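Subject: Handing over the structure

Hello,

Here is the structure I promised to pass on. Please look through it first, then read my notes below.

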Amino acid sequence: MLKKLALSAVVLATSLFATGEVNVYSHRHYDSDKVLFKKFEESTGIKVNVVTAKAEELVSKLAIEGENTPADVLITADIGNLYEAKTRNLLQAIDSKTLNENIPAHLRDNDNKWFSLTKRARIFVYNPKKIDPKELSDYLSLTDPKFKGKVITRSSTNAYNKALLASIIANHGEAKALEFTKGLVANFARDPKGSDRDQIRAVAAGDADIAIVNTYYLGVMLHGKDQKDIDIAKSVKIFFPAQNTTGTHMNISGAGVTTFAKNKENAVKLIEFLSSEEAQSTFAEGNHEYPANPKVKASATVSSWGTFKEDNIALNEIGKNTKKAVDIATEGNWK
(Lines give C-alpha, C1' and ligand atoms only; values in the text may rest on other atoms or scores of the structure.)
Protein backbone atom coordinates (compact mmCIF):
# COMPACT_ATOMS: atom_id res chain seq x y z
CA MET A 1 0.00 0.00 0.00
CA LEU A 2 2.82 2.39 0.94
CA LYS A 3 4.62 1.56 -2.31
CA LYS A 4 1.46 2.35 -4.27
CA LEU A 5 1.05 5.65 -2.44
CA ALA A 6 4.71 6.52 -3.03
CA LEU A 7 4.38 5.67 -6.72
CA SER A 8 1.21 7.74 -6.95
CA ALA A 9 3.02 10.66 -5.33
CA VAL A 10 5.83 10.46 -7.88
CA VAL A 11 3.36 10.34 -10.77
CA LEU A 12 1.42 13.27 -9.31
CA ALA A 13 4.58 15.32 -8.76
CA THR A 14 5.75 14.62 -12.31
CA SER A 15 2.33 15.58 -13.66
CA LEU A 16 2.26 18.83 -11.67
CA PHE A 17 5.79 19.71 -12.86
CA ALA A 18 4.86 18.99 -16.48
CA THR A 19 1.81 21.28 -16.37
CA GLY A 20 3.97 24.07 -14.98
CA GLU A 21 6.50 24.38 -17.81
CA VAL A 22 6.96 24.68 -21.54
CA ASN A 23 10.19 23.82 -23.34
CA VAL A 24 11.18 25.94 -26.31
CA TYR A 25 13.74 25.39 -29.07
CA SER A 26 14.36 28.84 -30.52
CA HIS A 27 16.49 30.27 -33.29
CA ARG A 28 15.59 33.79 -32.15
CA HIS A 29 18.12 35.47 -29.87
CA TYR A 30 16.60 38.87 -29.15
CA ASP A 31 16.01 40.70 -25.89
CA SER A 32 12.37 41.19 -26.90
CA ASP A 33 11.84 37.42 -26.72
CA LYS A 34 13.39 37.20 -23.25
CA VAL A 35 11.07 39.97 -22.06
CA LEU A 36 8.03 38.17 -23.48
CA PHE A 37 8.93 34.80 -21.99
CA LYS A 38 9.25 36.48 -18.58
CA LYS A 39 5.86 38.19 -19.00
CA PHE A 40 4.31 34.86 -19.94
CA GLU A 41 5.81 33.22 -16.86
CA GLU A 42 4.55 35.99 -14.60
CA SER A 43 1.02 35.97 -16.02
CA THR A 44 0.54 32.20 -16.22
CA GLY A 45 2.90 30.66 -13.69
CA ILE A 46 4.21 28.44 -16.50
CA LYS A 47 8.02 28.30 -16.59
CA VAL A 48 9.59 28.80 -20.03
CA ASN A 49 12.77 26.79 -20.63
CA VAL A 50 14.64 27.90 -23.76
CA VAL A 51 17.34 26.22 -25.84
CA THR A 52 18.78 28.45 -28.57
CA ALA A 53 20.74 27.39 -31.65
CA LYS A 54 20.77 27.84 -35.41
CA ALA A 55 17.54 26.87 -37.13
CA GLU A 56 19.01 23.96 -39.07
CA GLU A 57 20.54 22.57 -35.88
CA LEU A 58 17.24 22.75 -34.01
CA VAL A 59 15.32 21.02 -36.81
CA SER A 60 17.95 18.26 -36.94
CA LYS A 61 17.90 17.98 -33.14
CA LEU A 62 14.12 17.49 -33.18
CA ALA A 63 14.42 14.82 -35.86
CA ILE A 64 17.14 12.92 -34.00
CA GLU A 65 15.37 13.09 -30.63
CA GLY A 66 12.06 11.93 -32.04
CA GLU A 67 9.47 11.09 -29.38
CA ASN A 68 12.13 11.61 -26.70
CA THR A 69 12.50 15.30 -27.41
CA PRO A 70 11.88 17.62 -24.46
CA ALA A 71 10.86 20.42 -26.85
CA ASP A 72 7.23 21.55 -26.90
CA VAL A 73 7.63 24.57 -29.18
CA LEU A 74 9.87 25.33 -32.16
CA ILE A 75 10.46 29.02 -32.87
CA THR A 76 12.57 29.92 -35.88
CA ALA A 77 13.22 32.55 -38.49
CA ASP A 78 12.51 31.89 -42.19
CA ILE A 79 9.64 30.08 -43.85
CA GLY A 80 12.06 27.54 -45.31
CA ASN A 81 12.95 26.25 -41.86
CA LEU A 82 9.33 26.03 -40.75
CA TYR A 83 8.36 24.27 -43.97
CA GLU A 84 11.24 21.81 -43.50
CA ALA A 85 10.10 21.05 -39.96
CA LYS A 86 6.58 20.48 -41.21
CA THR A 87 7.57 18.17 -44.08
CA ARG A 88 9.70 16.10 -41.69
CA ASN A 89 6.64 15.64 -39.45
CA LEU A 90 8.24 17.51 -36.57
CA LEU A 91 5.24 19.78 -35.97
CA GLN A 92 1.64 18.94 -35.13
CA ALA A 93 -1.59 20.63 -36.11
CA ILE A 94 -3.30 22.69 -33.43
CA ASP A 95 -6.81 24.08 -33.32
CA SER A 96 -6.74 27.59 -31.90
CA LYS A 97 -9.44 30.17 -32.43
CA THR A 98 -7.11 32.80 -30.95
CA LEU A 99 -4.35 32.12 -33.48
CA ASN A 100 -6.77 32.00 -36.37
CA GLU A 101 -8.10 35.40 -35.33
CA ASN A 102 -4.69 36.98 -34.66
CA ILE A 103 -2.69 35.66 -37.62
CA PRO A 104 -3.93 36.15 -41.22
CA ALA A 105 -4.43 33.01 -43.31
CA HIS A 106 -1.47 33.62 -45.64
CA LEU A 107 0.81 33.96 -42.59
CA ARG A 108 -0.04 30.59 -41.12
CA ASP A 109 0.25 27.02 -42.30
CA ASN A 110 -2.77 25.67 -44.16
CA ASP A 111 -2.66 22.64 -41.84
CA ASN A 112 -2.19 24.83 -38.73
CA LYS A 113 1.25 23.40 -37.99
CA TRP A 114 3.04 26.76 -37.80
CA PHE A 115 2.05 30.38 -37.26
CA SER A 116 3.91 33.59 -38.08
CA LEU A 117 5.06 35.76 -35.20
CA THR A 118 6.82 38.55 -37.11
CA LYS A 119 7.41 39.68 -40.69
CA ARG A 120 10.58 40.88 -42.41
CA ALA A 121 10.44 42.84 -45.67
CA ARG A 122 13.26 42.07 -48.15
CA ILE A 123 13.95 45.47 -49.66
CA PHE A 124 16.57 47.58 -51.44
CA VAL A 125 18.80 49.96 -49.52
CA TYR A 126 20.47 52.49 -51.79
CA ASN A 127 22.83 55.45 -51.81
CA PRO A 128 20.62 58.48 -52.64
CA LYS A 129 23.64 60.36 -54.05
CA LYS A 130 24.17 57.71 -56.71
CA ILE A 131 20.80 56.09 -57.36
CA ASP A 132 17.57 57.66 -58.55
CA PRO A 133 14.74 55.55 -57.05
CA LYS A 134 12.77 56.07 -60.28
CA GLU A 135 15.25 53.63 -61.87
CA LEU A 136 14.15 50.88 -59.48
CA SER A 137 11.05 48.71 -59.69
CA ASP A 138 10.83 44.98 -58.94
CA TYR A 139 13.59 42.57 -57.95
CA LEU A 140 14.34 41.79 -61.58
CA SER A 141 15.11 45.46 -62.18
CA LEU A 142 18.46 44.86 -60.50
CA THR A 143 19.50 42.75 -63.48
CA ASP A 144 19.52 45.79 -65.78
CA PRO A 145 23.04 46.28 -67.24
CA LYS A 146 23.01 49.90 -66.03
CA PHE A 147 23.51 48.53 -62.50
CA LYS A 148 26.63 46.55 -63.41
CA GLY A 149 29.11 46.68 -60.54
CA LYS A 150 26.61 48.41 -58.25
CA VAL A 151 24.64 45.65 -56.46
CA ILE A 152 25.47 43.55 -53.39
CA THR A 153 23.74 41.06 -51.14
CA ARG A 154 24.50 38.08 -48.96
CA SER A 155 25.32 34.59 -50.12
CA SER A 156 22.67 32.55 -51.90
CA THR A 157 22.93 30.03 -49.06
CA ASN A 158 21.53 32.61 -46.65
CA ALA A 159 17.97 31.70 -45.63
CA TYR A 160 16.59 35.14 -46.55
CA ASN A 161 17.99 34.98 -50.08
CA LYS A 162 16.86 31.39 -50.55
CA ALA A 163 13.34 32.46 -49.61
CA LEU A 164 13.51 35.50 -51.92
CA LEU A 165 14.57 33.35 -54.87
CA ALA A 166 11.92 30.75 -53.96
CA SER A 167 9.30 33.52 -54.03
CA ILE A 168 10.44 34.55 -57.51
CA ILE A 169 10.07 30.92 -58.62
CA ALA A 170 6.59 30.75 -57.08
CA ASN A 171 5.47 34.04 -58.64
CA HIS A 172 7.26 34.01 -62.01
CA GLY A 173 8.53 30.50 -62.72
CA GLU A 174 11.93 28.83 -62.79
CA ALA A 175 13.12 30.40 -66.06
CA LYS A 176 12.56 33.92 -64.72
CA ALA A 177 14.26 33.00 -61.45
CA LEU A 178 17.34 31.79 -63.33
CA GLU A 179 17.32 34.96 -65.41
CA PHE A 180 17.20 36.99 -62.21
CA THR A 181 20.06 35.01 -60.67
CA LYS A 182 22.36 35.34 -63.67
CA GLY A 183 21.57 39.03 -64.08
CA LEU A 184 22.11 39.74 -60.39
CA VAL A 185 25.48 37.98 -60.38
CA ALA A 186 26.54 39.91 -63.48
CA ASN A 187 25.84 43.17 -61.64
CA PHE A 188 27.56 42.32 -58.34
CA ALA A 189 30.02 44.90 -57.07
CA ARG A 190 31.80 42.11 -55.17
CA ASP A 191 31.34 38.46 -54.28
CA PRO A 192 28.64 37.93 -51.64
CA LYS A 193 29.89 38.10 -48.07
CA GLY A 194 28.84 39.30 -44.64
CA SER A 195 25.52 40.01 -42.96
CA ASP A 196 22.71 42.35 -43.96
CA ARG A 197 24.29 45.00 -41.74
CA ASP A 198 27.53 44.58 -43.69
CA GLN A 199 25.66 45.21 -46.96
CA ILE A 200 24.22 48.45 -45.56
CA ARG A 201 27.66 49.55 -44.36
CA ALA A 202 29.16 48.79 -47.77
CA VAL A 203 26.57 50.94 -49.56
CA ALA A 204 27.28 53.83 -47.18
CA ALA A 205 31.02 53.37 -47.73
CA GLY A 206 30.66 53.56 -51.50
CA ASP A 207 31.60 49.93 -52.18
CA ALA A 208 28.22 49.46 -53.87
CA ASP A 209 25.15 51.56 -54.62
CA ILE A 210 22.32 49.12 -53.90
CA ALA A 211 21.91 46.24 -51.45
CA ILE A 212 19.19 43.65 -50.88
CA VAL A 213 18.51 43.46 -47.12
CA ASN A 214 15.80 42.95 -44.51
CA THR A 215 14.24 46.11 -43.11
CA TYR A 216 14.64 45.21 -39.46
CA TYR A 217 18.43 45.30 -39.68
CA LEU A 218 18.23 48.97 -40.60
CA GLY A 219 15.86 49.60 -37.70
CA VAL A 220 18.19 47.86 -35.26
CA MET A 221 21.16 49.91 -36.54
CA LEU A 222 19.24 53.15 -36.15
CA HIS A 223 18.46 52.31 -32.51
CA GLY A 224 21.82 50.77 -31.60
CA LYS A 225 24.58 52.15 -29.41
CA ASP A 226 27.18 52.45 -32.19
CA GLN A 227 27.03 56.06 -33.42
CA LYS A 228 28.86 55.13 -36.61
CA ASP A 229 26.19 52.56 -37.47
CA ILE A 230 23.46 55.08 -36.61
CA ASP A 231 25.00 57.60 -39.02
CA ILE A 232 25.37 54.92 -41.70
CA ALA A 233 21.72 53.87 -41.35
CA LYS A 234 20.62 57.50 -41.63
CA SER A 235 22.67 58.04 -44.80
CA VAL A 236 20.92 55.40 -46.93
CA LYS A 237 17.38 55.20 -48.29
CA ILE A 238 14.84 52.39 -48.58
CA PHE A 239 13.00 51.18 -51.67
CA PHE A 240 10.14 48.68 -51.50
CA PRO A 241 10.34 46.51 -54.64
CA ALA A 242 7.57 45.13 -56.83
CA GLN A 243 4.89 47.66 -55.93
CA ASN A 244 3.36 47.44 -59.40
CA THR A 245 3.47 43.63 -59.53
CA THR A 246 3.54 41.02 -56.76
CA GLY A 247 4.44 43.27 -53.86
CA THR A 248 7.54 43.23 -51.66
CA HIS A 249 8.70 39.79 -50.56
CA MET A 250 7.96 39.09 -46.90
CA ASN A 251 9.73 36.45 -44.85
CA ILE A 252 8.74 35.58 -41.29
CA SER A 253 9.72 34.17 -37.98
CA GLY A 254 7.18 31.71 -36.65
CA ALA A 255 6.32 29.00 -34.17
CA GLY A 256 4.77 25.57 -34.04
CA VAL A 257 3.99 22.88 -31.47
CA THR A 258 6.32 19.91 -31.79
CA THR A 259 4.87 16.54 -32.74
CA PHE A 260 5.89 14.90 -29.47
CA ALA A 261 5.21 17.86 -27.15
CA LYS A 262 4.78 16.69 -23.55
CA ASN A 263 3.22 20.04 -22.59
CA LYS A 264 0.97 20.69 -25.57
CA GLU A 265 -1.57 22.82 -23.72
CA ASN A 266 1.15 25.12 -22.39
CA ALA A 267 2.78 25.24 -25.82
CA VAL A 268 -0.44 26.45 -27.40
CA LYS A 269 -0.89 29.03 -24.64
CA LEU A 270 2.62 30.38 -25.26
CA ILE A 271 2.16 30.73 -29.03
CA GLU A 272 -1.25 32.34 -28.49
CA PHE A 273 0.36 34.82 -26.09
CA LEU A 274 3.11 35.61 -28.64
CA SER A 275 0.40 36.41 -31.20
CA SER A 276 -1.39 38.80 -28.82
CA GLU A 277 -1.38 42.57 -29.28
CA GLU A 278 0.79 43.02 -26.20
CA ALA A 279 3.46 40.60 -27.41
CA GLN A 280 3.32 41.77 -31.00
CA SER A 281 3.93 45.35 -29.87
CA THR A 282 7.00 44.17 -27.96
CA PHE A 283 8.35 42.41 -31.06
CA ALA A 284 7.69 45.53 -33.14
CA GLU A 285 9.27 48.02 -30.73
CA GLY A 286 12.12 45.82 -29.55
CA ASN A 287 13.39 44.46 -32.86
CA HIS A 288 11.73 46.65 -35.50
CA GLU A 289 10.09 43.72 -37.24
CA TYR A 290 6.64 44.04 -38.79
CA PRO A 291 3.93 42.52 -36.56
CA ALA A 292 2.17 39.44 -37.90
CA ASN A 293 -1.00 40.51 -36.08
CA PRO A 294 -2.61 43.18 -38.31
CA LYS A 295 -4.15 44.92 -35.29
CA VAL A 296 -0.69 46.01 -34.16
CA LYS A 297 1.28 48.91 -35.61
CA ALA A 298 4.94 48.78 -36.56
CA SER A 299 7.42 50.83 -34.54
CA ALA A 300 7.58 54.58 -35.18
CA THR A 301 10.83 54.15 -37.11
CA VAL A 302 9.48 51.39 -39.32
CA SER A 303 6.19 53.25 -39.82
CA SER A 304 8.14 56.32 -40.95
CA TRP A 305 9.29 54.36 -44.00
CA GLY A 306 5.71 54.38 -45.25
CA THR A 307 3.12 51.84 -46.25
CA PHE A 308 3.70 49.44 -49.11
CA LYS A 309 2.16 46.53 -50.97
CA GLU A 310 3.22 43.17 -49.52
CA ASP A 311 3.48 39.92 -51.42
CA ASN A 312 0.66 37.90 -49.84
CA ILE A 313 1.49 34.62 -51.55
CA ALA A 314 0.85 31.61 -49.29
CA LEU A 315 4.17 31.05 -47.56
CA ASN A 316 4.03 27.29 -48.06
CA GLU A 317 4.45 28.00 -51.77
CA ILE A 318 7.78 29.62 -50.95
CA GLY A 319 8.71 26.72 -48.69
CA LYS A 320 7.99 24.24 -51.50
CA ASN A 321 10.41 26.04 -53.80
CA THR A 322 13.34 26.50 -51.39
CA LYS A 323 15.29 23.46 -52.59
CA LYS A 324 14.72 24.43 -56.23
CA ALA A 325 16.01 27.91 -55.34
CA VAL A 326 19.28 26.36 -54.15
CA ASP A 327 19.64 24.53 -57.49
CA ILE A 328 18.93 27.66 -59.49
CA ALA A 329 21.36 29.74 -57.44
CA THR A 330 24.04 27.14 -58.11
CA GLU A 331 23.26 27.07 -61.82
CA GLY A 332 23.36 30.87 -61.95
CA ASN A 333 26.72 30.96 -60.11
CA TRP A 334 25.35 32.94 -57.17
CA LYS A 335 27.92 32.05 -54.53
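In which strand does I210 lie? I210 lies in strand β7, residues 210-214. Helices (H or I, at least four residues) and strands (E, at least two) are DSSP runs, numbered from the N terminus.

Two notes on the basis. This is a predicted model, where local features need pLDDT of at least 70 and side-chain atom pairs count only at pLDDT 80 or more, while totals for chains, interfaces and linings use all residues. Residues are numbered from 1 along each chain as its sequence is written, and side-chain values use heavy atoms, with hydrogens and water left out.

**I210**

I210 counts as buried, at 0% relative accessibility. Buried means under 20% relative accessible area, exposed means over 50%, and partly exposed is in between (1.4 Å probe, protein chains only). Setting aside neighbours within four places in sequence, I210 has contacts that include F124, V125, Y126, L136 and V203. Contact means heavy atoms within 4.5 Å. N23 is 187 residues from I210 in sequence, and their C-alpha atoms are 41 Å apart in space.

**Cores**

A nonpolar core is a set of buried Ala, Val, Leu, Ile, Met, Phe, Trp, Tyr and Cys residues joined through side-chain atoms within 4.5 Å. The largest one has 71 residues. Which of its residues touch the most other members? They are V73, L136 and L274. Beyond neighbours within four places in sequence, L274 is in contact with L36, F37, I75, L117, A279, Q280 and F283. There is also a second, separate core of 27 residues. I200, V213, I232 and F308 are among its members. In soluble globular proteins, nonpolar side chains tend to be buried together.

**Strand β9**

Strand β9 covers residues 250-258. Here 9 of the 9 residues are buried, so β9 is largely enclosed by the rest of the structure. Which strands pair with β9? Two strands pair if DSSP finds at least two bridges between them.

- β3 (residues 73-77) runs antiparallel to β9, joined by 5 bridges. A77 has S253 as its bridge partner in β9.
- β4 (residues 91-92) is also antiparallel to β9, with 2 bridges. T258 of β9 stands opposite L91.
- β5 (residues 115-126) pairs with β9 over 6 bridges, in the antiparallel sense. M250 of β9 stands opposite A121.

**Helix α10**

Helix α10 spans residues 227-235, and D229, I230, I232 and A233 are buried in it. These residues are on the same side of α10 because they cover an arc of only 160° around the axis. The arc is that of the directions from the helix axis to the C-beta atoms. The buried residues of α10 pack against α8 (196-205) and α9 (215-222). K228 and K234 are exposed, on the face turned away from the buried side. At the start of α10, a side-chain oxygen of D226 comes within 2.9 Å of the backbone nitrogen of K228.

**Salt bridges**

A salt bridge is a side-chain nitrogen of Lys or Arg within 4 Å of a carboxyl oxygen of Asp or Glu. How many are there by this rule? The count is 20.

- D33 and R28: the closest N and O atoms are 2.7 Å apart. Both D33 and R28 are buried.
- K61 and E65: the distance is 3.1 Å, N to O. Both lie in helix α3 (residues 55-65), 4 residues apart, about one turn of the helix. K61 is partly exposed, at 33% relative accessible area.
- K320 and E317: the distance is 3.0 Å, N to O. Both lie in helix α14 (residues 315-320), 3 residues apart, about one turn of the helix. K320 is partly exposed, at 49% relative accessible area. E317 is partly exposed too, at 32%.

Salt bridges with shared partners also join R28, D33, R120 and E289 into one network.

**N321**

N321 sits in the loop between α14 and α15 (322-331). Is N321 buried or exposed? At 15% relative accessibility, N321 counts as buried. Leaving aside neighbours within four places in sequence, N321 is in contact with A166, I169 and A170.

Best wishes

Definitions and conventions
Polar contact = N/O pair within 3.5 Å; in protein donor to acceptor, adjacent residues only side chain to side chain.
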